[in-house]
Amino acid sequence: MSDKTIWDKLQNVDRRVFYWILFVGLAVPFMFPLGLPVAVTPPTQGLYSGLRKLQAGDVVALSINSGVSAWGDCLPAMVASVTQVLRQDAKLVIWSVGYVDCDITYREIVNRVPEFKSKTYGVDWVYFGYCPGQESNVALLRDNIRGLYTKDIQGTPTGDIPMMKNINGAKDIAMVLTSDTGDVQVYYRNQWGPTKSSRDNFGAVKYPVAEIGIAMNLSGDMSFFLSGDLFGLTGGSRGGAEMEKLVGIKGDGTITMDSINVSHLLVIGAIILTNVSYLLTRGKKR
Amino acid sequence: MSQIYKRELVFLVTGIVTIVMILDYFFVFSPVKDLATQLRTWALIIQLMAIGLGAINLVRVHWRNIQKRTSTWIYSAWFMVLFALLLVLALMKVSTGTEHWIYSWFFEYPYISLSNTLYAITGFYIFSAAYRAFRARNIESAILLIGGIFVMLANAPIGEVITPWFPLIGNWCNSVGQIPGMRTFAIVGTLGLLAFGLRTLLGKERGFYSEVT
Amino acid sequence: MITNVAAYPTDILGITGLWAGLLLMLFIYSYPLWKENPLYRFAEHTFVALAMAIAIGVNLDALNKVAFYPLVSEGALLMIIPIILGLMIYLLLVPQYRWISRYPVAILVGSSIGLGMAGQLLPNIVSQIINTITPPKVGVAAFDWFNFVYIAIGLICVTMYFLLTYEHTGPVKPVTQFGRYFIMLALGAYFGNTVLFRFSMLASRAQFLLQVLKIIPM
Amino acid sequence: MAILGLIDGKVVPFFLLILAFALFYFFMDQAKRGVTIKARTFPAVAAISEAIGRAAEMGKPIYYSTGFGQLTLSDAMNGPQTLAGISILSHTTKLCAKNGVRLTYFTPIADSLPLVEETMRTAYLAEGKPEEFIPVTAINYQQDQDSYLTASLGWIQRERPAASILLGGFYYESVVLGEAGNTIGAMQIGGSANTHQLPFLVATCDYTLIMEELYAASAEISGNPDVLGTLRGEDFLKYIIIAIVAIGFLLGLANNKALLDILRM
């Protein structure tokens, strides 16, 4: 009927066909896991080594700027990092300048890290919740945490929280771990960058910031890792899987890797198909 | 006279705030620092309070749909009911500090699930975008394609199972290959911003502060 | 080895919540997987209402922390100014005083442009130049020197490509052409990375579907 | 040691800022004196009028958005992009008013509403059609990135706009909006200074404004000579940067770190 070959048709396949194949392709490996090995990359190793240098009593700021919607990418690495921080007997100050739903992320982290059970709230960790305001907030937090967070999430005035007695800014905090889907790590680098941390023996010239990011930002952030502006960096669920391997836990990062493998093969297959069909049909038209 | 209040003074306020922010960034001069910190807090408060304006716009849009009986009016009505219910619960939470179980339920399950769903919907679209964009039509798109494929195979653990070259080349693209492009983007973007900022400072960039009548 | 602790909910709220979440997810995905339809519209309007109400609650909470609490409990009277500025934005709704609403906006514009101009110079220009011209350490592999040359030459080519007020002709033409190649490689690499991110998001949704249906454990 | 009271490590950036301002000012002055500066034309800007012509023929609306922009104008990275997007919105609205095309602007940024509303109102007024501007249909606000995206997707399928214009601080919505527009065959014009979204805008849009082009486009639209002067100033700065990189590169090959020490001041 029509002179269209299969290759012509392939160039204009209804995109919904791909969507169905993709969704099924992502789901199947959860039921039948393959368990391929994961190699650790230098940026993830950098984060882990940085955490290993923490001493008992050091304060780490965890800035949860990724929403629940980015759990797939950020939560595994956050859980693994927090586990390591607590194993080093360091303290945690947790806040968010990014997302409204950080309370749920925070709760999930506390649920998933058994190390919290042996710690005391207010002494070993404190949570301030979310405050909208982005970069201006980060700039405020550098010098005056109490100016932004007058109370913690339970309503205790910040000055009355035992571990916050001597902490009010970047100079009292050993390092920042920021988990974000956008540019919050940039805010910390730009705003906190010139400030010295409480631990100058940390070995970093710049203020120690590590990014627990989404894979998408990995190539952009990579140059900051190479230049030393970030001491560590994990990208997406893959980074999470690497962190889980280093810390020695089995979490969602490791489990998701199989799906990632299948879906990547699918997209590469589709790209090969489109190129073959493109080349074949182009030859014919000449 | 009114033109001054309506236009020139607005530019003046913008300019002063801009300069305070610049000075605060570069100099250790405490009066400027205090002023800048104040202004940042003010900006935050203004931003927080502006949300009501958005809510009014949204409610007006849906109210109009209902009034005009547009094709989607029934959904607008559902929006109104749900919004009213949740708004009352949200205000209750703010004033009393305790969360009503209906509010927590809506927040923890439907809201979270929906925002995850929307965030993940990109997975579909990126698939079809890749299908169309990664076609080697000329040298440029061939380079795009090669860069993309190698990085994907470096990211997925399966790449290194096939051959160790995939992560090697992919990681090179990631850590070195993309740098000239991305770095220059950062540089020229900032230059563009500087020019745009100066135009705003001098009151030459009036597009967004359009003439008031 | 420690495995994550989470379990399928047993209470009615948890179970209905999971199923509501799943249904809404399927309604939304009916858009890409099928087409725009009444179920999608329902989910769309539900979401818009939810997001708006929740955001109002969150913003009021934050206002309380940043403005009202210091004003009332700590006597920070200066906080009255931003509150008045914030109220001024609502004069947009009153035709004859509409222009007043620009004053608070002017503060926002000034602070973003000021912070942006000052804050981006160091990381986006100076640091980028420094990183480009810092030679590899003595005694490293020849490959690092190759990277050093590659980045510097690439940067110059791409910058030439962005010249806006000079024609790309004569000897500049091949340079800008190379600039485009460098750009394409960067865009390709970025695209490839994003694929991983988007797929892991979608994978966790597929995981959620299977978990709610009890096909795999929570 | 502090130079002129400048914070350590910020000396070079500060002088760079002063240099940039001086250059911009110099070329603006030159342009005012009549030195002609021709900026490279951006196909994306010309495409806006083409898109509106198409919409007028088809009797379909235009979708316009400035993106997520971190939900506020006061964001240092995205605020200026949103403002540039609103500047171009002003131009687009004028063309729409002239051709009788319906334009709907979608945004999740509440504090930009005063600017947007005034911009659009003024554009209609300039075309002598103030009564045709109805804020409720022209501006569609949604709180939050995700719900803004849902509403946009629904609107795009229901109204089937002839073109979708995406200029501003975009985040993940770029690829979704881009592909959704492709599905219905809309003409697409995109632009952002967010590096992370450029691959998708380039892949899904017919015309793209990359990084500084977004800021420069509003200069081109205005055609104002002293605005074009700033573009020449930018180019001059690029030559300076190229020179520094070239010199630094040669010094680097010789392992001389003098220039690096100066830049780190």
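User: Which residue stands opposite D:Y64 in strand 4 of chain D?

Analyst: That's D:I165. This is a predicted model, in which local features need pLDDT of at least 70 and side-chain atom pairs count only at pLDDT 80 or more, while totals for chains, interfaces and linings use all residues. Residues are numbered from 1 along each chain as its sequence is written, and chains are lettered from A and ligands numbered from 1 in the order in which they are written.

User: What makes strand 1 and strand 4 (residues 163-167) of chain D a pair?

Analyst: Two strands pair if DSSP finds at least two bridges between them. Strand 1 and strand 4 of chain D have four, in the parallel sense, so they pass. Strands here are DSSP runs of E with at least two residues, helices are runs of H or I with at least four, and both are numbered from the N terminus.

User: How do you know that strand 1 of chain D is joined to strand 2 (residues 103-107) of chain D?

Analyst: Count the bridges again: there are four, and the strands run parallel. One bridge partner to look for is D:F106, which sits across from D:S65.

User: Why is the unit of strand 1, helix 3 (residues 79-99) and strand 2 of chain D called right-handed?

Analyst: Point the strands away from you: a crossover is right-handed if the path from the first strand over the helix to the second runs clockwise. This β-α-β unit is assigned that hand, so its path goes clockwise in that view.

User: What makes both faces of strand 1 of chain D count as covered?

Analyst: D:I62 and D:Y64 on one side, plus D:Y63 and D:S65 on the other, are all buried. Buried takes 20 or more other C-beta atoms within 10 Å of a residue's own, exposed takes 12 or fewer, and partly exposed is in between, with C-beta atoms placed from the backbone. Across chain D, 63% of the 265 residues are buried.

User: How many residues of chain B are in contact with chain C?

Analyst: 94 residues of chain B are in contact with 94 residues of chain C; contact means that the C-beta atoms, placed from the backbone, lie within 7 Å. Helix 4 (101-133) of chain B gives the most to that side of chain B, with 20 residues. That side of chain B divides into 64 nonpolar, 24 polar and six charged residues. Nonpolar means Ala, Val, Leu, Ile, Met, Phe, Trp, Tyr, Cys and Pro, charged means Asp, Glu, Lys and Arg, and the others, Gly among them, are polar.

User: Which helix of chain D gives the most to the side that touches chain B?

Analyst: In total, 57 residues of chain D are in contact with 50 residues of chain B. Helix 10 (residues 225-253) of chain D gives the most, with nine residues.

User: What domains is chain D divided into?

Analyst: Domain 1 (11-36 + 225-263) and domain 2 (43-222), with bounds from an automatic or database domain assignment. Five residues from domain 1 and four from domain 2 make the contact. The C-alpha centres of these domains lie 32 Å apart.

Note on methods: Contact = placed C-beta atoms within 7 Å.
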